[in-house]
Each structure stands twice: as structure tokens, then as C-alpha cells.
Amino acid sequence: MQRFQFKKQLKPVLNWFQLFLTTVVELIYPPLCLLCQSRLQQEENCICQKCWDLIPKLFHPLVDINLPGKQKPAFSRAYAVWNFNPQIQQVIHLFKYSRFTQLAQPLAVYMVEVIRLDTDYEMADGLVPVPLHDTRERERGYNQSLLLCAEISKLTGIPVLSGNLKRTRPTETQTNLSALKRLYNVKDAFSVCKPDLLKGKNIILVDDVLTTGSTLNACARELKNAGVNKIYVLTTVRA
Ligand SMILES: [Zn+2]
């Protein structure tokens, strides 16, 4: 009991010390923009505003998605914030593979701008991240789509409905596969555990990158089978 109280008393001192240390470290090594290496302002996170402003944004529904194998889209609409370009590719690479998880916050800010533009997105009942297989998530330490959902939810109040849509088998990474191989690679790879929780809902399906759309469509089809009413896709980049 005494030990517990001692710990409790020590906590504010430790918090203060941590803040002091962070301030000293930031004075000696000020945080720099990951793209242009200029010094970041207090409110900037990983990337400076100038760099964000230089990356052209899309902000309109993607109308030219040709799903491989003549698949019909199971989703109603899809948006990507950015078209593929070297800067945004670098950002996504850092976010996905180099553990810069804090990039989820600024990326979500732009995804929310899309949500604000489209009433169907704004009125959606929930955000569903494209799941990773457990093994992949353990290797990476996080699911980047879930991190995006969590940040979007903080800004919009739309709840995150994660853990229901599952990836039931590990799939080969889509990066080096042809369009048709991508389709077969993700076929029957997803399932919904508790359809009752999603029935009749309108869902925003969130992923980091949209390439051929095969993964997103496989998820959307599974959600449709589970009784989801409408599925709206939202991604950061159209690759
Ligand atoms: Zn910059």
C-alpha cells in the first residue's frame, strides 16, 4: 500500500522530468521535416505544412477503377486523397515500413477533408480498416489502416468498427503481383465474424493505398455478404 502511494507521489515528478528531457533534446536536436529537412513548427508533425501543400490532392471520387477479372465493385464510391507521386510514396513508406506511426495523424487530417466533402461519407455509421493477417500485424507491430481509422474517428466522431472483418489466411504481398494474380491472391481471404453488428450499416472502408482495388473489393464483398448496406472506400493514395 505504502509502495503504491509512493509511486503515485512520484508520478508528477517523473512526468515533469520526462517533459524537461524532451524539451532539452528538442532544443539540441530540433525535429526536422522528413521530406525537406527544414525545422518543424510546434504544431507540425513529421512533415512541414509547406511540403504537404506541394503535394497535389485529388478530392473527387475515382471513376476510372477497372477491377481485374471484370469484377463488379461491391463498394458505392472510392476516394484517394493523393495520386501516386514520389513525395507521397516516401511518406507512405515511412508510415508503413519504418514505424513512423505518428504520420497517421496528419494523413487522417486530409482523409477527413474528403469525408467533409461527401455527405454519404459524413453520415456513415462506422469506419472499418482493411485487416492484416495476425502474423503480418505481429511482424509490423501495427495495422496502418487501423491507425488511420483511429485518427479519423478522433476528428469526426465516426466510430471504428475493427476486429470484425478479419483476414482469415495470410496472403502474399500484393506489391509484386500482376492485376489478375492480385485478384486470386485475396480471393476468400476475408471474413466477417459477427455479421449482426454490421447489418444494415453504412461503412467507410479504409486502407492506405488503392492499387488495382482487388483487396478493397474482396473486403467490400465480404461486408456486403454480411448485410452491410453501403460501402464507401477511402484511401490515402491511388497507386
Ligand atoms: Zn518539409
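**Strands, helices and core of a predicted model**

Tutor: Strands β5 and β6 run parallel and are joined by 8 bridges, and in this predicted model the chain crosses from β5 through α9 to β6 in a right-handed β-α-β crossover.

Student: Which residue in β6 is the bridge partner of D207?

Tutor: The partner of D207 is T235, which belongs to β6.

Student: And which strand is joined to β5 by 4 bridges?

Tutor: That is β2, residues 126–129, which runs parallel to β5; within this pairing, L127 stands opposite I204 of β5.

Student: How many of the residues of β5 are buried?

Tutor: Of the 9 residues in β5, 8 are buried, so the strand is largely enclosed by the rest of the structure.

Student: What is I204 in contact with, leaving aside its neighbours within four places in sequence?

Tutor: I204 is in contact with Y121, A124, L127, I158, Y232 and L234 once those sequence neighbours are left aside, and L127 is also the residue that stands opposite I204.

Student: Let's go to the crossover helix. How far apart are the end C-alpha atoms of α9?

Tutor: They are 16 Å apart, which agrees with the 16 Å that the 12 residues of α9 (residues 214–225) should span at 1.5 Å a residue.

Student: Which residues of α9 are buried?

Tutor: The buried ones are S214, T215, L216, N217, A218, C219, A220, E222 and L223; that makes 9 of the 12 residues, so α9 is largely enclosed by the rest of the structure.

Student: What comes just after α9?

Tutor: Just after α9 comes G227, which takes a positive phi of about 100 degrees.

Student: What span does α3 have from its first C-alpha to its last?

Tutor: Helix α3, residues 86–97, has 12 residues and reaches 16 Å, close to the 16 Å expected at 1.5 Å a residue. The helix is followed by R99, whose phi is positive, near 65 degrees.

Student: Is Q37 buried or exposed? And K70, buried or exposed?

Tutor: Q37 has 9 other C-beta atoms within 10 Å and is exposed, while K70, with 6 C-beta neighbours inside 10 Å, also counts as exposed. The cut-off behind both calls is that a residue with 12 or fewer such neighbours is exposed.

Student: Back inside, where is V81 found, and what does V81 touch?

Tutor: V81 is found in strand β1 and is buried, with 22 other C-beta atoms within 10 Å. Not counting residues up to four places away in sequence, V81 touches K57, L58, Y110, M111, V114 and T236.

Student: How many residues are in the largest nonpolar core, and which have the most contacts inside it?

Tutor: The largest nonpolar core has 58 residues, and those with the most contacts inside it are M111, I204, L205, L223 and I231. Helix α4 gives the most to this core, with 7 residues.

Student: Last topic, the whole chain. How many helices and strands are there?

Tutor: The protein chain has 9 helices and 6 strands, and its C-alpha atoms fill a box of roughly 60 × 50 × 35 Å along the principal axes. Buried residues make up 33% of its 239 residues.

Student: And what share of the contacts with a separation of 6 or more comes from residues 24 or more positions apart?

Tutor: Residues 24 or more positions apart account for 74% of those contacts in the protein chain.

How values were computed:
Residues are numbered from 1 along each chain as its sequence is written. This is a predicted model: local features need pLDDT of at least 70, side-chain atom pairs count only at pLDDT 80 or more; totals for chains, interfaces and linings use all residues. Helices (H or I, at least four residues) and strands (E, at least two) are DSSP runs, numbered from the N terminus. The expected span of a helix is 1.5 Å times one less than its number of residues. A residue is buried if 20 or more other C-beta atoms lie within 10 Å of its own, exposed if 12 or fewer, and partly exposed in between; C-beta atoms are placed from the backbone. Two strands pair if DSSP finds at least two bridges between them. A crossover is right-handed if, with the strands pointing away from the viewer, the path from the first strand over the helix to the second runs clockwise. Two residues are in contact if their C-beta atoms, placed from the backbone, lie within 7 Å. A nonpolar core is a set of buried Ala, Val, Leu, Ile, Met, Phe, Trp, Tyr and Cys residues joined through C-beta atoms within 7 Å.
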